[in-house]
Amino acid sequence: MEATAFDAIIIGAGQAGPPLAERMSQAGWRVAVIERSRVGGTCVNTGCIPTKAMVASAHAAWVVQQAQRWGVRVPAGAEVDLAAVLARKDRIAGKSRQGVDLWLRGMRQVELIMGHAQFEDDHTVRVGQRRLQAERIFINVGGRPAQPGVEGLEDVPWLTNASIMQLDRLPRHLVVVGGSYIGLEFAQMFRRFGAEVTVVQRGQQLVPKEDADVAQALQQLLEGEGIGIRTGAECVRLAPARDGIAVDVNCSEGEPRLLGSHVLIATGRQPNTHDLGLDRAGVVTDERGYIRVNDQLQTNVPHIWALGDCNGRGAFTHTAWNDFEVLADNLFSGASRSIKDRLVAYALYTDPPLARIGPSEQEVRKSGRPALIGTRPMSRVGRAVEKGEEAGFIKLIVDAETRALVSATLLGVDGDEAIQSLLDVMASRRPYTEIVQGGVRIHPTVSELLPTVLQSLKPMPAEAAKASQSPT
């Protein structure tokens, strides 16, 4: 079968693929974009957009439930219409997906091909009965929920972050196995919708990559909303039960068995690289299936690159987009950009959200670098008090010698927006004094208090020790 020639083949139409195709189109390249399922990737279809639409609905439900805090009386009997929540989510995600589809189909010399791509060799890809060839190939296939080694999974129905958003009725009791970012978002969301919720976490703290003070504050927040938290569950086992699903946990306290109507497995993700035929192209992956790349996103095969979640160098929409920016500038602008020094920045969309840039406090302590730390509870942030959402705190860490911002943690209302003002300063390694001595900030906002926190810096012991207690 004769192969169709292209200047480039892009496998996957997630966050990095479409903008890269557009840049290639503008340069006059002929491009094939291959997508096996739905354009837009995880973010548009099962990640950021649909989940944050549901988080917004959950927030609205919470405001109604708590309305008396703001002096508002709500008629009795107000309840969540889950079908309407899901329909709203589907409309928002569908509109975004349609936008990506129209964008791709409108690009000059770009062909969108729906189907499963598999390598025949390092220049040739087969999609169904078609063979495609190109001098350059770019892999942007994303990831999917991991299938963890939880005993009993084969004996009971269980949910992923994708399938839980298709439920047609509210769970009576949702048991969430996994107390990290995905699990906590869904736990709070469904609790606010009206379900009983229990989170089962194997480790001794929630969100294990975060500092102890962050994990403690999040646990208190969630427990305050009636969510059960079971940490230290080292042996989780699922089994059919008369009225649902039995979840056995090996915890030092509490009942050894939970009975849930539904179980969400939220214990991580894995790359979609298992069925691409990468071995036939000579592309090397690590033991978890992530494609190995250098700091310019090249694989061990120089004319093949990997972008987004499948390369293991970032797990977010914004890092995938940055992969596109780095690669496009290197290809078309003569740049020599690298992802080596990219700042780690992300948000956990509980309500209020957790936003973080850079290493944790514990990581800074272990590094031994001299540092200064400043904290402030959200209960002393005017905007949070006025909005009636005082949970959380601000924590900023500065290098004591260079005066550069090292780390920023904002757990609190509007924290995911307020932290953005620190990103450029941190990326450029400019001294924190530029923030303190900068322009006039709008009042009342959360971000106006960032200079105040920086003015309260104190020396932080460099030895490895427990993270600071939540400010009060």
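## Helix 6 and the residue after it

In this predicted model, helix 6 is followed by G226, a residue with a positive phi near 90°. The helix itself covers residues 212-224 and contains 13 residues. From its first C-alpha to its last it reaches 18 Å, close to the 18 Å expected at 1.5 Å a residue.

Several side chains of helix 6 are buried, namely D213, V214, A215, A217, L218, L221 and L222.

Strand 8 spans residues 173-177, and five of its five residues are buried, so the strand is largely enclosed by the rest of the structure. Both of its faces are covered: H173, V175 and V177 lie on one side, with L174 and V176 on the other.

Strand 8 runs parallel to strand 9 (residues 196-200), to which five bridges join it. Within this pairing, V177 stands opposite V200 of strand 9.

## Strands 12 and 13

Strand 12 (residues 244-248) and strand 13 are antiparallel and are joined by four bridges. A246 has L259 of strand 13 as its bridge partner.

In a regular strand, side chains alternate between the two faces of the sheet.

## Aromatic pairs

How many aromatic pairs does a search of the whole structure find? The search finds eight. One of the pairs joins W62 and W70, with ring centres 5.8 Å apart and planes at 85°; the pair is therefore edge-to-face. W62 is buried, having a relative accessible area of 11%, while W70 is partly exposed at 31%.

F190 and F193 also form an edge-to-face pair, at 5.5 Å centre to centre and with 80° between the planes. These two residues are three apart in helix 5 (residues 181-193) and so are separated by about one helical turn. In an α-helix, residues three or four places apart point the same way because there are 3.6 residues a turn. Both F190 and F193 are buried. Elsewhere, ring pairs link Y181, F316 and Y346 into a cluster.

## Arginines over aromatic rings

R30 lies over the face of F6, at 4.6 Å from the ring centre. R69 lies over the face of W70, at 5.0 Å from the ring centre. The ring of W70 is also the one that pairs edge-to-face with that of W62.

## Cysteines

A disulfide is a covalent bond between the sulfur atoms of two cysteines. A search of the whole structure finds zero disulfides. C310 is in none, and the nearest cysteine sulfur, belonging to C43, is 16 Å away.

Is C310 buried or exposed? C310 is buried, with a relative accessible area of 0%. C235, by contrast, counts as partly exposed because its relative accessibility is 34%, a value between the cut-offs of 20% for buried and 50% for exposed.

## An annotated domain

According to an unreviewed UniProt entry, residues 344-451 carry the feature "domain: Pyridine nucleotide-disulphide oxidoreductase dimerisation". In the model, the end C-alpha atoms of residues 344-451 lie 22 Å apart. The span is 29% helix and 27% strand.

Methods: Residues numbered from 1 in each chain as written. Predicted model: local features only at pLDDT ≥ 70, side-chain atom pairs only at ≥ 80, totals over all residues. Heavy atoms only, no water. Pairing = 2+ DSSP bridges. Expected span 1.5 Å × (residues − 1). Buried < 20%, exposed > 50% of the residue type's maximum accessible area, 1.4 Å probe, protein only. Disulfide = S-S within 2.5 Å. Phe/Tyr/Trp six-rings, centres within 6.5 Å; stacked < 30°, edge-to-face > 60°. Lys NZ or Arg CZ within 6 Å of the ring centre and 35° of its normal. UniProt positions renumbered as here; feature names shortened; annotations may be inferred.
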